[in-house]
Amino acid sequence: MPKSLSVVLTATLLLIATSTQAGLHSHAPWVASVTTATERSVSLWSELAAIEFPAVAPEEVWVRIDLKRRELALFQGEQRILTIPYLAFGTAGANRIRLQGSSQTPIGDFRIDRINRQSRFRLFFGIDYPTPEIAHEAWQSGILSDEDYHDYRSYRRRNGHPPAHTPLGGHIGIHGLGNRPANLHQIRDWTEGCIAVTNTEIQMLERWLDVGMLVVIR
């Protein structure tokens, strides 16, 4: 092969190789974006799969309160039908066993046991905290004395709901703002342990919430 032809052929092969590499590099961002989108999709499905659904009937309406996301969601069975994207809760955070005056929000599975439509918070949907399970845990751990635990059980047996005044507190529920300014609600947690939404939102929830409804706080 003549030397000149060999040089031309070598140069042509180098040009083709360079062009191919450039083409691959130009597609690299596209490949990365597809990978990122896929990862986001997997993350989303993992997040949905992580939701623990309680044992509810397919048509049962219930409330799920996610304190980490500050979100209140209304479900029918496993189908989400309404979401309130922001809520406020206790100024001292949350705990499985909250004590009277602690300003903590209780964590667990509860039932709405009363409704106050004359509340200073516009509407108040009380939950049955402390539940028998939580009261029993508190008694076993020494938080409730034998006398306190006996009084709790007697009161609940007579009235069908827990007493409000126990070492664990009471009067916990979901309510509106009342006369409080909306900007306070938006910038910090301000309740003594309850879940708070706006007045408009609590009125919107009124058509769904009723005595006996399951409220899951996580």
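Analyst: Let's start with Ala 94, which lies in strand β4, residues 94-95. Strands here are DSSP runs of E with at least two residues, helices are runs of H or I with at least four, and both are numbered from the N terminus. Before going on, keep in mind that this is a predicted model, where local features need pLDDT of at least 70 and side-chain atom pairs count only at pLDDT 80 or more, while totals for chains, interfaces and linings use all residues. Residues are numbered from 1 along each chain as its sequence is written, and side-chain values use heavy atoms, with hydrogens and water left out.

The cut-offs are under 20% relative accessible area for buried and over 50% for exposed, with partly exposed in between (1.4 Å probe, protein chains only). Setting aside neighbours within four places in sequence, Ala 94 is in contact with Leu 67, Gln 104, Thr 105 and Ile 107; contact means heavy atoms within 4.5 Å.

Now try another strand residue. Ile 84 is in β3, residues 79-84, and it counts as buried because its relative accessible area is 1%. Not counting residues up to four places away in sequence, Ile 84 touches Arg 70, Glu 71, Leu 72, Val 197, Glu 201, Met 204 and Leu 205. Ala 73 is eleven residues from Ile 84 in sequence, with 6.2 Å between their C-alpha atoms.

A helix residue gives you another kind of case. Ile 187 belongs to helix α4, residues 182-187, and counts as exposed because its relative accessibility is 65%. Look for Ala 88 too: it is 99 residues from Ile 187 in sequence and 9.1 Å away in space, C-alpha to C-alpha.

If you'd like the whole picture, the protein has five helices and ten strands. Buried residues make up 38% of its 218 residues. Among contacts between residues at least 6 apart in sequence, 58% join residues at least 24 apart.

Let's zoom in on a helix pair. Helix α3 covers residues 146-159, so to speak 14 residues in a row, and reaches 20 Å from its first C-alpha to its last, close to the 20 Å expected at 1.5 Å a residue. That expected span is 1.5 Å times one less than the number of residues. The buried residues of α3 are Tyr 149, Tyr 152, Ser 154 and Arg 156, and they pack against α2 (132-140).

How do the two helices sit together? They pack at an angle of about 165°, with axes 10 Å apart, which means α2 is roughly antiparallel to α3. Axes are lines fitted to C-alpha atoms, for helices over the stretch in contact, and angles run from 0 to 180 degrees between N-to-C directions. Under 35 degrees counts as roughly parallel, over 145 as roughly antiparallel, 65 to 115 as roughly perpendicular and the rest as oblique. On the α2 side, Pro 132, Ala 135, His 136 and Trp 139 make the contact, and on the α3 side Asp 146, Tyr 149, Tyr 152 and Arg 156 do.

Most residues other than glycine have a negative phi, and most peptide bonds are trans. The bond from Tyr 129 to Pro 130, though, is cis, with omega near -5°, and Pro 130 sits in the loop between β7 (124-127) and α2. Arg 122 has a positive phi near 75°; you'll find it in the loop between β6 (108-116) and β7, partly exposed at 36% relative accessible area. Ser 119 is found in that loop between β6 and β7 too, but Ser 119 is buried, at 14%. His 171 has a positive phi near 55° and lies in the loop between α3 and β8 (173-175). Just after α3, Gly 160 takes a positive phi of about 80°.
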